[in-house]
Amino acid sequence: MSLMRRDAIKLLGGIGGAASLGLPLSASAQAKRALDIELLGFALDIHVPGTAAVFEGIQALPGYAAPKVARIDQIRTLTSNLVAGSTEFGTPGPTGIFGADEQGSDVKIIGMYYRNTDLVFVVNTDKVKSYKDLEKPENAVAVNGKGDITHVMLLGPLIKNGVDVNKITVIEIGGSGSRMRALLSGRVAAVPIHFDQADEVAKQGPYKVFFQPWEFYKIWINEVWAAKGSWLKNKDNARAAVDLIKATTLAFRRSNRDFNWFVDMYHKYVTLPDAKTATPQSLKPFWTQLSTTMRAWPDQNVLTAADFKDLMPLYKAAGDITGSIAIDQVVDSSYAEQAMKELGRQGL
Amino acid sequence: MRARIGNRPVYAASILLGLACWELIARDLPRVILPPPSVVLVRLVTDSLSGLLLVALAKALPAMLIGSGLALAIGIPLGLLLGRSATLSAMFDPVINAVYAVPPVAFVPFFIVWFGLYLWARVALIFLMSIFEIIIAVETGVRDVRPQLIDVGRAFGAGGTTLAWKVLAPAISPFIFLAVRIGIVRGINAMITAELFFAAVNLGFLMNDDARRFDTSGVLSIIVLLALLGLVAQEALKWAEARALPWHVRTS
Amino acid sequence: MARENLVSRTRKVGLGLAGAAIALCVWQAIGMRLGDALFAPPSSVIVQFMPQLLDGSAIDALAGSLRQMVIGFAFAYAIGAPVGIVMARSPLIDAIVHPWLNMAVVTSIAALVPFFILILGTGFWFRVAVVFIATIWFVMLTVYQGARGIEPRWLEVGRAFGARADQRFWKVMVPALFPYLFTAARIGLTHAIRAMVLAEMFVIVGYGALLHNAGLGISTAPLLGLILLLMALGVIVNGLLVGASRMLAPWYEERARA
């Protein structure tokens with residue numbers, strides 16, 4: 001089949017799909033809609049396309065004005081806001097959403113803000129020579145919040161290497177900067193921090209990356225797009241969800257192919273103190289890592305219940321869930337699938 | 001005296017009225033945002049009776065007692081010194097004001113480095129959060145002691161220590177009481193703040209755990225517990241001040 | 001007289017600078033031992049923070065944040081100070097307000113901020129509310145303490161001389177209250193600034209956002225630079241308050257110079 005015909009079929013499929021979901025074909029062009037979005041407070045290299053989609057991508061789609069964006073310091077607060085319905089879309093970690101839904105909240109995970117994570121597990125090699133050393137009470141591990149993605153991500157490799165997770169001393173220190181300094185001053189023995197921070201930390205002493213989640217996990221989900229289920233039942237809101245994922249995916253695709261665009265967006269949106277002066281040469285290795293090795297920005301941006309199958313036991317081990325809820329009651333891939341249909345090969 | 005006893009019912013009525021307002025507002029809001037006081041109070045009583053809250057409180061208090069104690073022990077003399085010496089006050093008031101202006105949360109990363117994550121870090125934060133108001137209260141009070149009072153004392157032949165005990169001390173005791181009240185108040189406040197910013201233990205741990213599970217009643221029950229503690233502590237102090245310094249308290 | 005004042009004021013500034021210099025030396029010593037990653041010394045701070053300071057971005061952010069802080073503070077003072085006075089003079093009002101004052105002043109703002117975000121969102125009113133709640137109790141408490149100590153005798157003397165109630169208020173009470181009104185403004189403004197920054201750190205806006213982001217980098221120098229700027233603000237604000245008090249209540253300064 002010729003390219004054009006394949007696209008035409010996909011387009012028709014997209015329209016048909018939209019009709020079957022009861023969605024309007026596009027956002028109402030009359031009043032431009034400003035979405036209400038909450039993001040986390042910091043944006044690093046992995047967040048670049050998602051953040052660009054929020055601040056620029058959505059309003060490039062017909063019917064949308066610049067969204068109202070709030071940045072929240074703590075994942076827990078953001079998740080609470082979603083549960084309470086005081087924001088329309090948010091980018092929490094999945095663990096909190098599963099936990100909330102077990103308690104009767106009705107928040108749906110509809111897509112990825114990015115795939116994988118740029119967090120790595122760094123240990124003080126003077127104190128921790130093997131995984132088992134983490135069981136010692138004097139070797140504390142500092143995470144962002146107990147049970148959140150920074151905590152759960154550690155459990156897979158730890159369990160695999162025979163560590164009894166109940167014996168590990170886990171401390172909550174909000175903020176990767178404080179965690180970094182806790183490690184450097186010897187107050188804790190191991191921390192999850194971002195991979196560019198890890199490079200800096202390694203220069204300061206006996207600190208090494210013990211593992212990188214993307215090498216260990218077949219698929220790891222960090223920040224997801226989420227919204228309240230009851231709110232999504234409204235046709236216009238469902239439309240907005242599809243468009244949000246479309247904007248995100250377009251940004252992913254562009255990021256994968258257009259390094260210069262990535263650099264521009266990095267300068268604009270990354271929240272590190274020296275982000276504006278980062279040179280393309282310094283960013284290239286990170287970009288290659290994210291785009292190629294980690295596949296952090298999938299061209300086909302669909303998150304399904306199956307993706308979480310292997311992660312559920314870890315969420316349970318971290319105490320986030322009791323396992324009483326079915327994954328597909330939380331994860332709703334219909335919006336993402338619709339978005340892929342409508343996008344077709346656009347942006348590729 | 002009669003007026004004071006007569007006001008206890010008003011005091012209690014005010015609390016009840018506030019609780020009633022809370023109850024009404026909470027009716028229209030989802031449980032996860034604001035549970036009604038009935039739920040929170042039941043939770044408070046249940047968790048207290050089971051020992052959960054009281055054990056956590058007992059473990060949290062030492063940091064507060066040490067931190068506030070140190071703040072009073074250092075702050076009161078410092079306030080006296082700065083109040084009496086124009087030179088020292090000119091030298092160190094700016095530095096003190098400078099550190100006072102910074103929110104304690106900004107110092108947390110540095111406290112982690114210097115004091116670690118546990119007791120001594122919390123003590124340091126509680127100390128930091130209490131000492132400035134103590135210094136200011138005492139310093140202002142000492143400056144306010146009218147020079148005439150001192151002159152009169154001297155005219156009657158009072159020398160150094162007599163002057164201090166019989167003239168200055170009574171004049172500044174209200175400020176000392178104010179400083180102690182502030183120390184305790186800031187101490188209770190800082191006690192829970194520290195447990196949220198450093199390694200979450202005791203009450204801070206319970207609060208985080210409840211927040212994580214969207215258990216807003218649990219979180220509020222701890223806040224209410226601390227509020228009640230503060231209420232009782234301050235009323236006790238007020239009573240003590242009335243006994244010790246009857247002339248200062250206006251009776252009408 | 002004026003020349004005396006100038007000399008003593010210059011002396012005061014000189015002493016203040018001396019005190020600051022001592023503090024800076026201590027900081028430099030500790031900073032050099034611990035290093036940039038843990039506690040950058042002033043020398044590093046100057047080098048690494050200067051660009052941000054000079055391009056004005058830090059000061060712009062601070063000015064923007066202050067505008068919102070001032071509104072919260074103004075509300076808190078305008079309500080807190082009169083209520084404090086009334087509480088001290090009327091046992092009935094005292095009995096109504098005091099339990100809430102006692103409970104509110106021990107409650108940690110940091111613990112309440114997530115609630116505020118849920119109910120008020122993350123915008124202007126959220127930040128004004130946090131500043132308001134953090135400030136009002138201190139203002140009320142300080143003014144209350146002062147008004148409690150005003151001897152009925154003074155007011156009686158005023159009445160004996162035929163002064164009306166409002167004259168008694170303005171000519172007897174307020175001057176006697178002055179040190180407390182001043183201290184309440186001082187403590188109140190400081191807590192207002194601190195609450196403003198705290199609220200901003202939770203929702204990553206304004207000056208709080210700069211502090212939050214600076215904390216992510218490995219060197220503590222930019223963070224300390226921002227903290228230092230905040231300290232300078234505190235000193236300036238205090239200085240302005242003292243200056244204002246000197247103009248409004250010159251007799252207070254006279255009395256204080258024992």
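Two residues are in contact, or touch, if their C-beta atoms, placed from the backbone, lie within 7 Å. This is a predicted model, in which local features need pLDDT of at least 70, side-chain atom pairs count only at pLDDT 80 or more, and totals for chains, interfaces and linings use all residues. Residues are numbered from 1 along each chain as its sequence is written, while chains are lettered from A and ligands numbered from 1 in the order in which they are written.

**View 1. Leu61(A) and its contacts.** Leaving out residues up to four places away in sequence, Leu61(A) touches Asp243(A), Lys246(A) and Ala247(A). Leu61(A) sits in the loop between helix H2 (48–60) and E2 of chain A. Helices (H or I, at least four residues) and strands (E, at least two) are DSSP runs, numbered from the N terminus. Leu244(A) is 183 residues away along the chain, yet its C-alpha atom is 9.4 Å from that of Leu61(A). Is Leu61(A) buried or partly exposed? Leu61(A) counts as partly exposed because it has 16 C-beta neighbours inside 10 Å. A residue is buried if 20 or more other C-beta atoms lie within 10 Å of its own, exposed if 12 or fewer, and partly exposed in between; here too the C-beta atoms are placed from the backbone.

**View 2. Helix H5 of chain A.** This helix covers residues 149–160 of chain A, twelve residues in total. H5(A) reaches 18 Å from its first C-alpha to its last, close to the 16 Å expected at 1.5 Å a residue. The expected span is 1.5 Å times one less than the number of residues in the helix. The buried residues of H5(A) are Ile149(A), Thr150(A), His151(A), Val152(A), Met153(A), Leu154(A) and Leu158(A).

**View 3. Val122(A) and the largest nonpolar core.** A nonpolar core is a set of buried Ala, Val, Leu, Ile, Met, Phe, Trp, Tyr and Cys residues joined through C-beta atoms within 7 Å. The largest one has 256 residues. Val122(A) and Val143(C) have the most contacts inside this core. H9(C) gives the largest share of the core, 18 residues. Beyond four places in sequence, the residues that Val122(A) touches include Leu183(A), Ala190(A), Val191(A), Ile193(A) and Ala198(A). Val201(A), Tyr207(A), Lys208(A), Val209(A) and Phe210(A) are also among the residues touched by Val122(A). In soluble globular proteins, nonpolar side chains tend to be buried together.

**View 4. Where chain A meets chain C.** Contacts link 27 residues of chain A with 19 residues of chain C. On the chain A side, strand E2 (68–72), helix H3 (75–84), helix H6 (176–184) and helix H7 (195–202) each give two or more residues. H6(A) gives the most, six residues. By class, the chain A side has nine nonpolar, 13 polar and five charged residues. Ala, Val, Leu, Ile, Met, Phe, Trp, Tyr, Cys and Pro count as nonpolar, Asp, Glu, Lys and Arg as charged, and the others, Gly among them, as polar.

**View 5. Where chain C meets chain B.** Here 51 residues come from chain C and 53 residues from chain B. Helices of chain C that supply at least two residues to this side include helix H1 (2–34), helix H7 (124–148) and helix H9 (165–203). Which helix of chain C gives the largest share? H5(C) does, with ten residues. The chain C side divides into 34 nonpolar, 13 polar and four charged residues.

**View 6. The fold of chain C.** Chain C has twelve helices and zero strands. Its C-alpha trace spans about 70 × 55 × 30 Å along the principal axes. Of its 258 residues, 47% count as buried. Chain C is divided into domain 1 (1–34) and domain 2 (41–256), with bounds that come from an automatic or database domain assignment. The C-alpha centres of these domains of chain C lie 25 Å apart.

View 7. Chain B has ten helices and zero strands. Of its 252 residues, 46% count as buried. The mean pLDDT (the predictor's confidence in each residue, from 0 to 100) of chain B is 84, and 84% of its residues reach 70 or more. Confidence in chain B is highest in helix H3 (residues 52–84), at a mean of 93, and lowest in helix H7 (residues 147–155), at 61. Over residues 1–5 of chain B, pLDDT is below 50; this stretch has four contacts in the model beyond near neighbours in sequence. Where pLDDT is low, the predicted coordinates should not be read in detail.
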